[in-house]
Amino acid sequence: QPGRDLLGEINAQFGKVERGTSLVSEFDLPANSWYMSSGTTILPHVALMEIALQPCGFLSAYMGSILGKEGQDLYFRNLDGDANLLDWPVNPTGPLTNRVKLISSSSLGDVIIQKYDFELSWGKQPFITGSSSFGYFTLSMLQNQQGLDGGKDQQTWKEEQPEKGSWVTFNQHALPLNGTPRLPSPDRIWIARDGGRHGQGYLYLSQPIPRQSWFYSAHFHQDPVMPGSLGVETMAAALQTAAGQWGIPDNLVWRMAADSRLDWKYRGQINPENGEITVDLHIKSIKKNNMGWEINADGQLWKDSKRIYQVDNLKLESYPLSQESKR
């Protein structure tokens, strides 16, 4: 706003894309947000990732990162990143604060690649640190993305070992991705209890994505794409839904595990015309911890027969609601 002193909030100058440029943003967490779990202060992956990553895009635009390329239609995409959850804040109040800083920016032809660091605090308590890379690409580049395997078709573990598992139906609604925003709720999952790359368990689900899904219109203007964070959330939802197959009590509340690092890589996108996603998860460990139960898995998301997302160390911990004030 004209005349407003932004010193301490934005350390940037329009037209200068310089390492060390930074931005501090605040997010007022609305009461009874649709993405909150059981009315608690447990934020799902989709919310945590979007709160962490969107300010990187704001800073990129504020600096004028595409100056000199105004005649092109360039699309901003998250490519990869990591998020380190140090610990959940104790009785957090007030807004979530995110401090983002530009680490590097490079340009080659029509492509711009930028990397940012971020730090999330809640109630002045730092709890997530990480970094993430983004790119500006032309539409033709996005339409010709080759996925994670150089354009080669790949089989899921289910397709390689069809005799090792079976379908399990859960008493939940199918993934509600149209109309009112809601979190993923898979209701039919193919499970191999001692399968997967690590021999600790394997999950597979194929989910229709309606063209009218709410997140397409909520994405960038004239750029309807499913956010990668919702793919990560779908993986987390599948793990939570199927946890009982390994003897874990039902109806537990789950969250991103403390003292964990999530890594992700995206090399493709889901558009309204795609219609369906496939997700599979290779469980690395299931064990008890001081909060109850913990599940750690590596996940993949497929478009047709191409892997386009890889998510490593998706670690969840169960969270007794009676213990909420203890973290």
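Student: In which strand is V311 found?

Tutor: The model under discussion is predicted. V311 belongs to a strand that covers residues 306-318. That strand is β14.

Student: Does V311 count as buried or exposed, and at what relative accessibility?

Tutor: A residue is classed as buried when its relative accessible area is under 20%. V311 counts as buried because its relative accessibility is 0%.

Student: Which residues does V311 touch, not counting residues up to four places away in sequence?

Tutor: Contact here requires heavy atoms within 4.5 Å. With residues up to four places away in sequence not counted, V311 touches V232, M235, L262, D263, W264, A297, D298 and G299.

Student: How far apart in space are V311 and G231, C-alpha to C-alpha?

Tutor: Along the sequence, V311 and G231 are 80 residues apart. In space, their C-alpha to C-alpha distance is 9.4 Å.

Student: At roughly what angle do the axes of helix α1 and helix α5 cross?

Tutor: Two packed helices are described by the angle between their axes and the distance between the axes. Helix α1 comprises residues 45-63 and helix α5 residues 228-242, and their axes come within 8 Å. The axes cross at roughly 155 degrees.

Student: Why is α1 described as roughly antiparallel to α5?

Tutor: Angles over 145 degrees count as roughly antiparallel. The axes of α1 and α5 cross at roughly 155 degrees. That crossing therefore makes α1, relative to α5, roughly antiparallel.

Student: Which residues make the contact of α1 with α5, and how do they divide into nonpolar, polar and charged?

Tutor: From α1 the contact involves H45, V46, M49 and E50, and from α5 it involves S229, L230, V232, E233 and A236. V232 is also one of the residues that V311 touches. The residues of the helix contact divide into five nonpolar, two polar and two charged.

Student: Is the crossing of α1 and α5 left-handed or right-handed?

Tutor: The handedness describes how α1 passes α5. The crossing is right-handed.

Student: Where does K124 lie, and what is its phi?

Tutor: K124 lies in the loop between β5 (111-122) and β6 (125-138). At 84% relative accessibility, K124 counts as exposed, because the cut-off is over 50%. Its phi is positive, in a residue other than glycine, and is near 65 degrees.

Student: What is the phi of D259, and in which loop does D259 lie?

Tutor: Phi of D259 is near 55 degrees, again a positive value in a residue other than glycine. D259 counts as exposed because its relative accessibility is 66%. The loop in which D259 lies is between β10 (254-256) and β11 (260-266).

Student: Which residues are in contact with S107, leaving aside its neighbours within four places in sequence?

Tutor: S107 lies in strand β4, residues 96-108. Its C-alpha atom is separated by 28 Å from that of L120, 13 residues apart along the chain. Leaving aside neighbours within four places in sequence, the residues in contact with S107 are K69 and I112.

Student: What radius of gyration does the protein chain have, and why does it agree with that of a compact globule?

Tutor: The C-alpha trace spans about 60 × 50 × 35 Å along its principal axes. Buried residues make up 50% of the 327 residues. A compact globule with 327 residues would have a radius of gyration near 20 Å, so the value for the protein chain agrees: 20 Å.

Conventions. Residues are numbered from 1 along each chain as its sequence is written. This is a predicted model: local features need pLDDT of at least 70, side-chain atom pairs count only at pLDDT 80 or more; totals for chains, interfaces and linings use all residues. Side-chain values use heavy atoms; hydrogens and water are left out. Axes are lines fitted to C-alpha atoms, for helices over the stretch in contact, and angles run from 0 to 180 degrees between N-to-C directions. Helices (H or I, at least four residues) and strands (E, at least two) are DSSP runs, numbered from the N terminus. Angles under 35 degrees count as roughly parallel, over 145 as roughly antiparallel, 65 to 115 as roughly perpendicular and the rest as oblique. A crossing is left-handed if the near helix is turned anticlockwise from the far one by less than a right angle, and right-handed if clockwise. Ala, Val, Leu, Ile, Met, Phe, Trp, Tyr, Cys and Pro count as nonpolar, Asp, Glu, Lys and Arg as charged, and the others, Gly among them, as polar. The radius of gyration is taken over C-alpha atoms; the globule rule is 2.2 Å times the number of residues to the power 0.38. Buried means under 20% relative accessible area, exposed over 50%, partly exposed in between (1.4 Å probe, protein chains only).
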